[in-house]
Amino acid sequence: MDNRKRLAYAIIQFLHGQLRHGGLSCDAQESLEVAIQCLETAFGVTLEDSDLALPQTLPEIFEAATSSKQEMPQDSRAPDRTPPSEEDSAEAERLKTEGNEQMKLENFEAAVHLYGKAIELNPANAVYFCNRAAAYSKLGNYVGAVQDCERAIGIDPGYSKAYGRMGLALSSLNKHAEAVAYYKKALELDPDNDTYKSNLKIAELKLREAPSPTGGVGSLDIAGLLNNPHFITMASSLMNSPQLQQL
């Protein structure tokens, strides 16, 4: 017997039960009645076809299925992902190396593609994500770079280069406070890295130069404006203008 008709019958049976005991609004009841009619027409099944009935109702089947899933022992579940084979690992490394060569040639889109292929073969390698983040940054895709750095850090929290590249991407997004935090973490992991030191100083300088969120209206830095000698000279000239005094 066609199992599709059995399933349709079980659904129709369930919907009829909801009409009788569901405590539904008039609109909801009307919608269920239309749904029942559609199922009956589509599958050629009515509630009178009792020979299609299953030993259990649809809610009972659903409850049994969800209960068995919850009670499944941990060790019987499939692992999240099997480690890559030696062949896949070797091919991923080859793709990464080729991506590095494309970076040197400034073919950044090709590099993104190659690093992506390496990630497909071995998504547990933080270097591949970090390298693709560098390529994304070169293309101006700083959001993509941030996301890849987050993945790299998630895989290897001790990978200083991922924090450094995260700082660069965040700086490019004008998120200087966050960039400072990531540069400091990069230096914590690699204290002698002069690039991190230089980038940290730049980010801290930009953070100090950024308009204060409480300094004025919107993005206007009122305090800085009032301390600007050119603005003061212009304002004095305007206030002493004969045309203005005649208003």
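User: Which residues does R132 touch, not counting residues up to four places away in sequence?

Analyst: This is a predicted model. In it, R132 touches V112, Y115, G116, I119 and D148, with residues up to four places away in sequence not counted. R132 itself lies in helix α6.

User: Why is R132 called buried?

Analyst: Its relative accessible area is 16%. Buried means under 20%. R132 therefore counts as buried.

User: What makes K5 partly exposed?

Analyst: K5 has a relative accessibility of 33%. K5 sits in helix α1, residues 3–21.

User: What is K5 in contact with, leaving aside its neighbours within four places in sequence?

Analyst: The contacts of K5 are F43, G44, V45 and L52, once neighbours within four places in sequence are set aside. The C-alpha atoms of K5 and T46 are separated by 9.8 Å, and the two residues are 41 apart along the chain.

User: How are C26 and C38 classed, buried, partly exposed or exposed?

Analyst: C26 has a relative accessible area of 65%. Exposed means over 50%, so C26 is exposed. C38 has 48%, which lies between 20% and 50%, so C38 is partly exposed.

User: What makes up the largest nonpolar core, and which element gives the most to it?

Analyst: The core has 37 residues. M103, A135, A152 and A162 have the most contacts inside it. At least two residues each come from α4 (86–104), α5 (108–121), α6, α7, α8, α9 (176–189) and α10. Helix α6 gives the most, with eight residues. M103 touches F108, A111, Y115, A134, A135 and K138, not counting residues up to four places away in sequence. A second, separate core has eight residues, including L15, I36, L39 and V45.

User: Which residues lie nearest the centre of the largest pocket, and how much space lies in it?

Analyst: A134, S137, K138, R165 and L168 lie nearest the centre, among 15 lining residues. About 250 Å³ of space lies in the pocket. Helices α6 (126–138), α7 (142–155), α8 (160–172) and α10 (194–209) each give two or more residues to the lining. The lining divides into eight nonpolar, four polar and three charged residues.

Definitions and conventions: Residues numbered from 1 in each chain as written. Predicted model: local features only at pLDDT ≥ 70, side-chain atom pairs only at ≥ 80, totals over all residues. Heavy atoms only, no water. 1 Å grid on protein atoms, 1.4 Å probe; cavity = no way out; pocket = protein on both sides within 12 Å on 5 of 7 lines; lining within 4 Å. Points joined across faces, edges and corners; volume = space filled by probe spheres on them. Helix = DSSP H or I, 4+ residues; strand = E, 2+ residues; numbered from the N terminus. Nonpolar A, V, L, I, M, F, W, Y, C, P; charged D, E, K, R; others polar. Buried < 20%, exposed > 50% of the residue type's maximum accessible area, 1.4 Å probe, protein only. Core = buried A, V, L, I, M, F, W, Y, C linked by side-chain atoms within 4.5 Å. Contact = heavy atoms within 4.5 Å.
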